[in-house]
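This briefing goes through one structure by topic. Please keep the sequence and the 3D view open while reading.

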Amino acid sequence: MRRIKMPQMIVEIASAVFKKPFTFQYPFTKPKVPEGLRGRQIFHPERCISCGLCARDCPAEAIEMVEVSGKKMPLIHLDSCIFCYICVENCPRNALTESTFYELASTNKESLALRPEKPESEGEATEGE
Amino acid sequence: MKEIDIEEEIIGTLEGMLGESVLGSKSPRPRRVYIHVKPAAHKRAISALLQAFPSTIISTITGIDLGETIEINYHFWCGKAEVTIRTNLSKSKPEIETITDIVPGASLYEREVHDLLGVKFANHPNLTRLLLPESWPENSYPLRKDWNPKQTGEIHDSSEKTLTIGETRTESNGGSLVNVIVGPQHPALHEPERFLFKLDGEVVVDVEPRLGYAHRGIEKAAEHLMFFQDVHLVERVCGICNVAHTTCFCQAVEALGKIEIPSRAKYLRTIVHEFNRIHSHLLLLGIAGLEIGFESLFQYLWRDRETVLDLTEKLTGNRVMAEYSTIGGVRRDLTPILGDEIKKKLQKIRDRLSFYKEVFQSDPTIELRTKGIGVLSEEKALKLCVVGPVARGSGVKSDVRKHDPYAAYEDAPFKEILYKDGDSWSRLMVRLEEVGESIEIITWAVDNIPSGPYRIRVPRRMPRGESLSRVEAPRGELIHYVKGNGTAYPERVKIRSPTLANIISFREMIRGCYVADIPAVLASLDPCFSCTDRMVFVDEKNGRRWIWSMNDLKARRRDS
């Protein structure tokens with residue numbers, strides 16, 4: 001019953017020696033992300049009508065409505081966000097839009113809140129991907 | 001028309017055999033039958049069903065708190081239709097006769113209902129805790145509607161009775177057995193579960209699994225979210241088979257609200273569902289390679305699995321958490337360019353598959369470690385009501401896609417893979433060949449996808465009623481039972497994941513095997529414990545456990 005037959009895997013392994021590695025050397029080489037990747041949302045404060053639908057619909061309850069210069073606007077807690085994009089889908093004025101920015105790792109929790117009062121910096125960050 | 005005859009036949013047969021004990025019966029859609037029987041008559045009804053349809057297996061038991069009474073639903077698959085036998089118990093004294101003597105596979109489901117709803121199953125051989133910790137207070141049943149986490153208070157976890165490692169017991173026959181505890185963090189899987197192995201030298205005599213370490217309270221939490229939000233909650237029951245969970249839940253809600261989704265959406269669901277199956281099966285085959293000490297196989301299989309993950313990411317927007325199915329269809333469309341890419345890349349995997357098949361068939365390492373080990377006979381598989389590749393590895397026909405078609409599977413060309421031997425090798429081969437079938441299904445679906453909309457708008461409010469949905473998840477039959485009460489929130493969501501059905505058979509497989517075979521046999525079962533444990537939220541810290549309500553959690557998160 002015990003046949004001495006093992007070349008299949010040996011040949012495979014031997015041929016792999018001369019190939020370049022399949023893995024990426026992240027963060028030195030970054031993978032090309034597909035167009036539709038659900039990354040960090042972009043908030044456009046000028047479009048927001050303070051309806052609060054995003055906060056009510058969020059399954060993870062990651063959106064809090066905060067007051068910014070007399071107007072209620074969504075603050076997204078990215079640490080509890082599940083990136084389901086219900087907020088993006090349900091926003092009646094497209095005030096929340098998609099981006100493919102995925103490098104969200106951070107050492108402090110403060111930086112994981114997407115605050116509505118700083119719209120310019122968000123734009124910059126998303127260009128980095 | 002033929003299917004309606006089957007339902008009428010089932011109702012007619014049972015009513016004929018039970019006479020006045022039947023209080024009512026209905027069949028809201030094809031292949032679904034509900035029969036309401038008098039409180040003590042459930043056992044007679046089940047034995048009548050077993051008599052009329054010998055290949056009947058139990059799917060699950062759902063308990064629902066209706067306020068005054070507790071409703072117990074026994075869901076059975078009788079080979080042609082899903083039969084639900086329903087009976088009501090008084091809430092003040094919920095006691096019911098066990099059915100484990102006629103259906104041994106019901107043991108875990110009865111323990112689950114006992115744990116979470118406090119129903120006493122009289123004469124059950126081992127009615128102990130299944131999901132909740134041993135130190136959980138008596139008379140505190142999380143799935144009852146009047147349960148309040150505040151009342152349960154703090155749980156002191158000092159008295160958990162565990163056996164010590166290496167404890168030796170002298171048995172009555174003169175020999176001595178050694179108890180070895182493996183887990184909760186155990187070598188074979190990266191999920192917490194405890195096994196107590198009783199060993200006679202190197203041979204496993206018996207095993208007692210203890211579930212519940214990854215118990216999160218999803219069924220209870222689902223009652224506090226709207227239907228469309230629940231889709232994203234049930235997705236998180238399990239990362240690997242997330243599409244199976246969302247598809248199953250969406251189908252249940254669509255049946256509840258009598259929503260007919262566009263046929264393009266059905267095809268798209270099929271495609272993503274099969275992507276899910278391919279990547280899950282390749283993952284498991286790799287893990288099996290790792291467990292038997294064949295690491296290069298693991299590396300290569302996982303490299304090829306990456307192709308499927310990339311395709312999933314392109315189609316859905318994420319590698320793993322697809323968030324693809326939603327009530328009323330799917331959330332993204334498939335472009336023709338991506339369709340071509342899918343076909344081209346899957347062709348590559350298909351070529352690789354023939355190579356892997358040869359490896360699995362001819363490699364001496366795999367042969368020595370899996371052939372003839374961990375055998376589950378066909379008869380036992382049927383008796384223990386196992387599902388999915390485990391059942392098919394023992395020659396039991398159990399493919400939901402074939403026997404209870406959903407999405408686009410009615411027209412899809414594919415074979416149900418069956419292996420007769422019932423050993424670890426058969427279970428792995430079933431999965432390997434199923435990957436090939438999945439590739440056929442996806443290629444067919446991409447070629448034949450109908451044009452039109454892929455999503456329709458649905459109301460948030462769902463009507464009063466109930467529905468039961470089954471899908472073939474990568475690990476086997478997955479069941480979602482959803483009960484609506486006329487609002488946007490479900491009254492009850494019951495999830496029965498495939499591993500809960502399969503874990504009971506591990507005892508049967510591992511008896512008589514060597515200690516070294518434990519990881520390989522367990523891996524061949526493809527257990528997913530995060531699927532198996534859901535429900536009540538328990539946080540473990542400093543040896544004590546607290547229970548938090550959803551609001552407490554939110555408050556806590558904001559504070560920190």
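Is B:Ala407 buried or exposed? B:Ala407 is buried, because 24 other C-beta atoms lie within 10 Å; the cut-off for buried is 20 or more other C-beta atoms within 10 Å of a residue's own, exposed means 12 or fewer, partly exposed is in between, and C-beta atoms are placed from the backbone.

The model is predicted: local features need pLDDT of at least 70, side-chain atom pairs count only at pLDDT 80 or more, and totals for chains, interfaces and linings use all residues. Residues are numbered from 1 along each chain as its sequence is written, while chains are lettered from A and ligands numbered from 1 in the order in which they are written.

**Confidence in chain A**

- Chain A has a mean pLDDT of 82, and 84% of its residues reach 70 or more; pLDDT is the predictor's confidence in each residue, from 0 to 100.
- Over residues 118–129 of chain A, pLDDT stays under 50.
- For that stretch the model has eleven contacts beyond four places in sequence, a contact being two residues whose C-beta atoms, placed from the backbone, lie within 7 Å.

**Where the chains meet**

- Contacts between the chains involve 18 residues of chain A and 20 residues of chain B.
- On the side of chain A that touches chain B, nine residues are nonpolar, three polar and six charged.
- In this division Ala, Val, Leu, Ile, Met, Phe, Trp, Tyr, Cys and Pro count as nonpolar, Asp, Glu, Lys and Arg as charged, and the others, Gly among them, as polar.

**Chain B overall**

- Chain B contains 20 helices and 19 strands; helices (H or I, at least four residues) and strands (E, at least two) are DSSP runs, numbered from the N terminus.
- Of its 560 residues, 50% count as buried.
- Among contacts in chain B between residues at least 6 apart in sequence, 67% join residues at least 24 apart.

**Helices of chain B**

- Helix H10 (residues 336–362) of chain B has 27 residues and should span 39 Å, which agrees with the 40 Å between its end C-alpha atoms; the expected span is 1.5 Å times one less than the number of residues.
- The buried residues of H10(B) are B:Ile342, B:Leu346, B:Ile349, B:Tyr356, B:Val359 and B:Phe360.
- Helix H8 (residues 263–291) and helix H18 (residues 518–525) of chain B pack at about 175 degrees, with axes 9 Å apart; axes are lines fitted to C-alpha atoms, for helices over the stretch in contact, and angles run from 0 to 180 degrees between N-to-C directions.
- H8(B) and H18(B) are therefore roughly antiparallel, the word for angles over 145 degrees.
- H8(B) contributes B:Ile287, B:Ala288 and B:Glu291 to this contact, and H18(B) contributes B:Pro519, B:Ala520, B:Ala523 and B:Ser524.
- The residues of the contact of H8(B) with H18(B) comprise five nonpolar, one polar and one charged.

**Backbone and loops**

- Most residues other than glycine have a negative phi, and most peptide bonds are trans.
- B:Ala407 has a positive phi, near 40 degrees, and sits in the loop between helix H14 (400–403) and helix H15 (424–448) of chain B.
- A:Glu61 also has a positive phi, of about 50 degrees, although it is not a glycine.
- With 18 C-beta neighbours inside 10 Å, A:Glu61 counts as partly exposed.
- The peptide bond from A:Tyr26 to A:Pro27 is cis, with omega near 5 degrees.
- A:Ile49 lies in the loop between strand S1 (42–43) and helix H2 (53–57) of chain A, and its C-alpha atom is separated by 8.4 Å from that of A:Ala95, 46 residues apart along the chain.

Terms used: Angles under 35 degrees count as roughly parallel, over 145 as roughly antiparallel, 65 to 115 as roughly perpendicular and the rest as oblique.
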